[in-house]
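I opened a new page in my notebook today. These are my entries on what I looked up, in the order I looked.

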Amino acid sequence: MVAPAESATSGSALPTSSHPILVALDGSGLSARAIPVGLRLARKRGAPLLLVRVAQLDPPPDMFGFPVGDYLGERDIAAEYVTRAVTKVKADHPDVDVSGEVLSGAPSRSLLEAQEENSSQLTIVTSHGRSGLARMIRGSVTEDLLRGTS
């Protein structure tokens, strides 16, 4: 899904080239397929490309109330992933200004904040296409972004 950021749809002229194209990554092969789309758009618009991944750091408690999982390790994994992606894009496409950022927290809220903070002109996300019970339990970041909610 490619959705213009709120400021880009307000009826005014297209944002200047200093406003990035934001590509949301989750570490999956599916989300990585959004990078070439972001590259094409960034090149066409003369805009920087911002690759973003959210490390969810709100650990769910186990049945005794203790955090489950290695959530600090998740941030390290996310940082390594973004660094590799940025390095590859820079090597393959030196003409595009690309940077990366790791966010912490709930994916929808973090991405909405990143859109606002970076004044992104466009945000590119992919959807895993979950439906039914899986969607109800895990939610849909794409749907939240389209609604502008977290």
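**Entry 1: the end of α4**

I began at Ser119, which follows α4 and has a positive phi, near 50°. Helices here are DSSP runs of H or I with at least four residues, strands are E runs of at least two, and both are numbered from the N terminus. Ser119 is not a glycine, yet its phi is positive. Most residues other than glycine have a negative phi. I placed Ser119 in the loop between α4 and β5. Its relative accessibility is 30%, so I wrote it down as partly exposed. My cut-offs are under 20% relative accessible area for buried, over 50% for exposed, and partly exposed in between, with a 1.4 Å probe and protein chains only.

A note on the source: this is a predicted model, where local features need pLDDT of at least 70, side-chain atom pairs count only at pLDDT 80 or more, and totals for chains, interfaces and linings use all residues. Residues are numbered from 1 along each chain as its sequence is written, and side-chain values use heavy atoms, with hydrogens and water left out.

**Entry 2: α4 itself**

Next I checked the span of α4, residues 107-118. The expected span is 1.5 Å times one less than the number of residues. For the twelve residues of α4 that gives 16 Å, and the end C-alpha atoms are 16 Å apart, which agrees. Then I listed the buried residues of α4: Ser108, Ser110, Leu111, Leu112, Ala114 and Gln115.

**Entry 3: strand β3**

Is β3 enclosed or open? I found seven of its seven residues buried, so β3 is largely enclosed by the rest of the structure. In a regular strand the side chains alternate between the two faces of the sheet. On one side of β3 I noted Leu49, Leu51, Arg53 and Ala55, and on the other Leu50, Val52 and Val54. Both faces are covered.

I then looked at the neighbours of β3. Strands count as paired if DSSP finds at least two bridges between them. β2 and β3 pair in the parallel sense over five bridges. In this pairing Leu25 stands opposite Arg53. β3 and β4 also run parallel, joined by seven bridges. Here Val52 stands opposite Glu101.

**Entry 4: the nonpolar cores**

I looked up the cores, meaning sets of buried Ala, Val, Leu, Ile, Met, Phe, Trp, Tyr and Cys residues joined through side-chain atoms within 4.5 Å. The largest has 22 residues, and those with the most contacts inside it are Ile21, Val23, Ile35, Leu49, Leu51 and Val89. At least two residues each come from β2 (21-25), α2 (34-45), β3 (49-55), α3 (71-92), β4 (98-104) and β5 (122-124). The largest share, six residues, is from α3. A second, separate core has nine residues, including Val52, Leu103, Leu111 and Val125.

Leaving out residues up to four places away in sequence, Leu51 touches several residues, among them Val23, Ile35, Val82, Val89 and Val98.

**Entry 5: salt bridges**

How many salt bridges does the structure hold? I counted three, each with a side-chain nitrogen of Lys or Arg within 4 Å of a carboxyl oxygen of Asp or Glu.

Asp95 and Arg43 meet at 2.8 Å, N to O. Asp95 lies in the loop between α3 and β4 and Arg43 in helix α2, so this pair ties together parts 52 residues apart in sequence. Asp95 is exposed at 56%, while Arg43 is partly exposed at 40%.

Arg53 and Glu74 meet at 3.4 Å, N to O. Arg53 is in strand β3 and Glu74 in helix α3, so the pair ties together parts 21 residues apart in sequence. Arg53 is buried at 8%, and Glu74 is partly exposed at 22%. Arg53 also touches other residues, including Asp26, Ile77, Tyr81 and Leu103.

Asp92 and Lys88 meet at 2.7 Å, N to O. Both lie in helix α3, four residues apart, about one turn of the helix. An α-helix has 3.6 residues a turn, so residues three or four places apart point the same way. Asp92 is partly exposed at 45%, whereas Lys88 is exposed at 53%.

Terms used: Contact = heavy atoms within 4.5 Å.
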